[in-house]
Every structure is written in structure tokens, then in C-alpha cells.
Amino acid sequence: MSSIMKATTDNGLLLPVVDEDGAPFWEYAARGELRVQACADCDEPRFPPRPCCPHCQSFDSIWVRTSGRGRIWSYVFPHPPLLPAYAEQAPYNAIIVELADIPNIRLVGNLVAAPDAALNSVDPAKLRIGAPVKAVFAELAEGVTVPRWMLERP
């Protein structure tokens, strides 16, 4: 994936900054796959992506497909001041998801009712630590797809 030219979508939502180490993550997300980087020598997964394994110092890596399932490890409801595009969707959630098949990996995202739903599409009362979730993917802008999360049992 080439570098992203603008920092926000047309509606003002922030876009991820893609660097060389993380580019494969975003390429797989665009295909609807949730993958994490792992060491090709010692097999230890790592996130965020980086050039060197913190366990064995190898520079060889692979991208491992995950089940896309996890559990809510933590969450917050951001409060003002917010960027205008986010203030319009408040209250919305920001969650940390612990992956089911790689529990030492945690990803940040939003819990939504459908992949392309608004950030405030889930009733805040439905968020619970430990709730099972699954990854879904939303195209925020041309060429930029992000993982979001949906409850396994709404």
C-alpha cells in the first residue's frame, strides 16, 4: 500500500498512518483478513509491527492470520474536546480487544452494529469487559480499510 496522502476522510474521521513495517497489516485488512506480524525464527507474535523481534532480535518476519475473534479487554467513551467529526458521533466507544488465538496481542478499535455503521451505533449499555467480539472491516476512504469489532452475541 502506498503512503496515505491525506490525514482524514471526506467526513473528517482520522485515517491510519501507514509505515513500512505496518503496511502489510493494512493490505490484509483491505482483503478482510486480520493478520499480525510474527517472528519467522522464534514464532513470537508482535504488535505493533516492527522490524526486529523483541524476543530473539531476528529481522525475519511473517504475517499470521488470526481467527478475528477476541474479547473486550477495556473500553472508554471519549469526552470533549473532540475533533468535529467525532463530536458529531458522541457518545461513541473506543475499545481494546484481546485476540482469542493470540491473547498477548491487543488491538484498539470501535464496537459497531455493522461494518460501515456509525461509531455510536452500539448502545453504550451493551459494552462489557470480557464480551466476545469478532473483527469486521470498513473502508473509510479509497484504499483505506480498517478493522472494527462487532459483538458475537448482540
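I started with the largest pocket, which holds about 540 Å³ of space. A pocket here is an open set of points on a 1 Å grid over the protein atoms alone, where a 1.4 Å probe fits, with protein on both sides within 12 Å along at least five of seven lines. The volume is the space filled by probe spheres set on the points, which are joined across faces, edges and corners.

The model is predicted: local features need pLDDT of at least 70, side-chain atom pairs count only at pLDDT 80 or more, and totals for chains, interfaces and linings use all residues. Residues are numbered from 1 along each chain as its sequence is written, and side-chain values use heavy atoms, without hydrogens and water.

Next I checked the pocket lining. I found 20 residues (an atom within 4 Å of a point). V108, G109, N110, V146 and P147 lie nearest the centre. Helix 1, strand 6 (106–109) and strand 8 each give two or more residues. Strand 8 gives the largest share, four residues. Helices (H or I, at least four residues) and strands (E, at least two) are DSSP runs, numbered from the N terminus.

Buried means under 20% relative accessible area with a 1.4 Å probe, protein chains only. This core has 24 residues, and I72 and W149 are among those touching the most other members. Helix 1 (23–30) and strand 5 (94–99) are among the elements giving two or more residues. Helix 1 gives the largest share, four residues.

Technical notes
A nonpolar core is a set of buried Ala, Val, Leu, Ile, Met, Phe, Trp, Tyr and Cys residues joined through side-chain atoms within 4.5 Å. Buried means under 20% relative accessible area, exposed over 50%, partly exposed in between (1.4 Å probe, protein chains only).
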